[in-house]
Amino acid sequence: MRDAVARFVHDGDTVVIEGFTHLICFAAGHEIIRQRRRDLTLARLTPDLIYDQMIGAGCARKLVFSWAGNPGVGSLHAFRRAVEAPGTAPLEIEEYSHFGMVARFSAGAARLPFWPLRDYMGTDLPRVNPRISSVTCPYTGEDLATVPALNPDVTIVHAQRADADGNTQIWGLVGVQREAAFASERVIVVVEELVDERLIRSDPNRTAIPGMIVDAVVVEPWGAHPSYAQGYYDRDNDFYVAWEDISRSPDRLTRYLDEFVYGVPDRAAYLEKQPHVARLKAKERWCAGVNYGY
Amino acid sequence: MAAVAARELQDGEVVFVGIGLPNLACNLARATHAPRLVLLYESGAVGAVPERLPVSIGDPALVTGSLMVCGMADVFQCILQNGRIEVGFLGGAQVDRYGNINTTVIGPYARPKVRLPGSGGAAEIAIHARRTLIVAKLGPRAFPERVDFVTSPGLRPQGRLRRELRMPGAGPVKVITDKGILEADDATGEMVLAALYPGVSMSDVRAGVGWSLRCRPELAPVAPPTEQELRLLRDVLDPKGLFLKQ
C-alpha cells in the first residue's frame, strides 16, 4: 500500500476512493493521510467517514460529491466545519445529485465530454453549480440536463478478490466502482484476497474490473474496516456512531488520527488496535454454482 | 407515522426506499398487507428482503436474498429514468407549502447556517417517481412557507406546472406527519390538511406549519396503529428503537 500510494497518488491529484457504503477503502485513505498528500480534489458520491478524516487531516482542497452525511447516523463534522465556517479550513465544494455523479463517471468511462440526463428541472442545484448545464436533443428537440465527464487522476477500488494482474471480482453492492475505474487515468485495486487466475476464469461474469486497466494490486485483508466487505465482514456500526462524537471536536479528531493513522505504520498495525473486529466476521451464505459449459 | 405511511403502499408496487422511517414503513407494509411490495434501494438492491433492520441504505442485509443487485448507473438510468418506480419515499429537514423539500442547506448556500447532507438520489426521485410520499415531523422550522433551498422539487417548480418543465412524475401527493396527513390540492398545488390523528386538533397541526394551512372541507379520521402493527414495529422490525425514537 505504501508503494502504491507513493507511486500513483500525487499532490494536487483528483482522487476517487469509491464504494457505496460497501467496500470503502479506509486502508488507502489512511495511507494517503500518512504520506501527507495535499491539495487533493476528493471526489465520491458519499464522502463518508474516510473523506471526513482526509478533510480533517488537511489533504483536501476541494470536495466533489452528492451526499455528505454519516450514513444511518448523522453528520460529517470535519466537512461541516469546513463549509459552515470557511475561514478556518477552506474547502471548495462542487455538488451534484447521485444521478449526476453516476452520469459524470459514465461519461468519463466512455471518454465522452458530458452525459445527458433527464434531471434537475425545478431544483436549485444548477443555480449553485454552473457545471450542471443543458443541451437540446438533435433528434427530439427536448432540453436535457448535462453533467461534465469526471476523469480522476487515480481511482482506488476495494474488492473481495483479484488475481496478480488485477482482474478484480466484486459481489454485493457494486456502486459505481466499475465506471470510476474505467474513467480514471490510474487504478489501484485493494483486495481482501489475492487469488489464482484460474479462480477468476472459473467465474468471469463476476469480474467488474479487468486487469488491463489496473496499475497496482494491493492485498489488504480488512482494508475496508470500518466499512464492510460482503462475505468477509460486516460494517463496524459502533465506529460510525462513535465518529459523530469524534468528528465534532477538532481535538478529538486529531487524537484519533494520531493514534489510528499517524501512530501506526500500516494496516496490520491498525488491526492490532481493533481487538473486537472478530465479531464482525461474516456468516456463510453461499450461492449455488452455475454451469459455464457449452 | 410509520404505520400510517405503510398503509399508503399497495401490494406489488415498486418503491424507492430511503433510510429511516420510510424504510421502516416499507418493511412494515411488506410484513402486513403488501407482501409483494418490491423494495428498491439506490445502492442497487432490488426486491430486498432484509432479515434485520438495515442501518443504512447500503446495508449488506439488503443484498442477501434480494432479486437483483445492480450498479448505480443501472438504478438511475435503467430503472428510475426508465419510469419503473411507482412510489418514491422522501424525508427532509424542510418541507414547504408546495411540497418542495430541502436536504441541502439551512441559510444561504455559500455560507450556510447548517450544512445538510445534500440530495443523494432525492432530486431525481422527486422528479421521476410516479408519485412521491413525504414523511416529516411537523414544526414551524421544518415546515416553512418556502424552503431555503429546493433539493427535491414539489408541485409548482419555479411557479410553473411540473409538466411544463417535462417532469415525468406527479410529485408529492401526501405529506405524512406526526399529527396528521397533508394532501396536494390539485387546483393550487398547495399542501392542505386532509386527515387528523386521533386526539389531535386542527390548531395543533397549524402550530407546526409556517404558512396559513388550508383544510379540506371534511377531515378524514386516521385509525390508530393496530396491535399487530405496533408489535411488528416494536418487537420485530426495530427492536432497538433505532428509528422509532427519532
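Guide: Helices (H or I, at least four residues) and strands (E, at least two) are DSSP runs, numbered from the N terminus. This is a predicted model, in which local features need pLDDT of at least 70 and side-chain atom pairs count only at pLDDT 80 or more, while totals for chains, interfaces and linings use all residues; side-chain values use heavy atoms, leaving out hydrogens and water. Residues are numbered from 1 along each chain as its sequence is written, and chains are lettered from A and ligands numbered from 1 in the order in which they are written.

Visitor: In which loop of chain A is A:Arg111 placed?

Guide: Most residues other than glycine have a negative phi. Phi of A:Arg111, by contrast, is positive, near 55°, and at 45% relative accessibility this residue counts as partly exposed (buried means under 20% relative accessible area, exposed over 50%, partly exposed in between, with a 1.4 Å probe and protein chains only). A:Arg111 is placed in the loop between α5 (98-110) and β5 (114-117) of chain A.

Visitor: Is B:Arg166 buried or exposed?

Guide: B:Arg166, a residue other than glycine, has a positive phi near 60°. B:Arg166 lies in the loop between β10 (131-135) and β11 (172-176) of chain B. With a relative accessibility of 52%, B:Arg166 counts as exposed.

Visitor: What is the form of the peptide bond from A:His225 to A:Pro226?

Guide: A:Pro226 is found in the loop between β12 (216-219) and α9 (237-248) of chain A. The bond from A:His225 to A:Pro226 has an omega near 10°, and its form is cis.

Visitor: How many residues of helix α3 of chain A are buried?

Guide: Among the buried residues of α3(A) are A:Asp48, A:Tyr51 and A:Ile55, and the helix is followed by A:Gly58, whose phi is positive, near 85°. Helix α3 (residues 48-56) of chain A is mostly covered, and of its nine residues the number buried is eight.

Visitor: How many residues of chain A are in contact with chain B?

Guide: Chain B and chain A bury about 3900 Å² between them, 60% of it on carbon and sulfur atoms (buried area is the accessible area, with a 1.4 Å probe, that two parts lose on being put together, summed over both). Contact means heavy atoms within 4.5 Å. By this criterion 48 residues of chain B touch chain A, and the number of chain A residues in contact with them is 49.

Visitor: Which residue of chain B forms a salt bridge with A:Asp234?

Guide: A salt bridge is a side-chain nitrogen of Lys or Arg within 4 Å of a carboxyl oxygen of Asp or Glu. The count between chain B and chain A is three salt bridges. In the one formed by A:Asp234, the closest N and O atoms are 2.7 Å apart, and the partner is B:Arg52.

Visitor: Which residue pairs with A:Arg34 in a salt bridge?

Guide: A:Arg34 is buried, because its relative accessibility is 18%, and A:Glu31 is buried too, with a relative accessible area of 4%. Both lie in helix α2 (residues 26-34) of chain A, three residues apart, about one turn of the helix. With closest N and O atoms 2.9 Å apart, the residue that pairs with A:Arg34 is A:Glu31.

Visitor: How many residues apart are B:Arg216 and B:Glu183?

Guide: The side chains of B:Arg216 and B:Glu183 meet in a salt bridge at 3.1 Å, N to O. This pair links distant parts of the chain, with B:Arg216 in strand β14 (residues 215-221) of chain B and B:Glu183 in strand β12 (residues 180-184) of chain B, and the separation in residues is 33.
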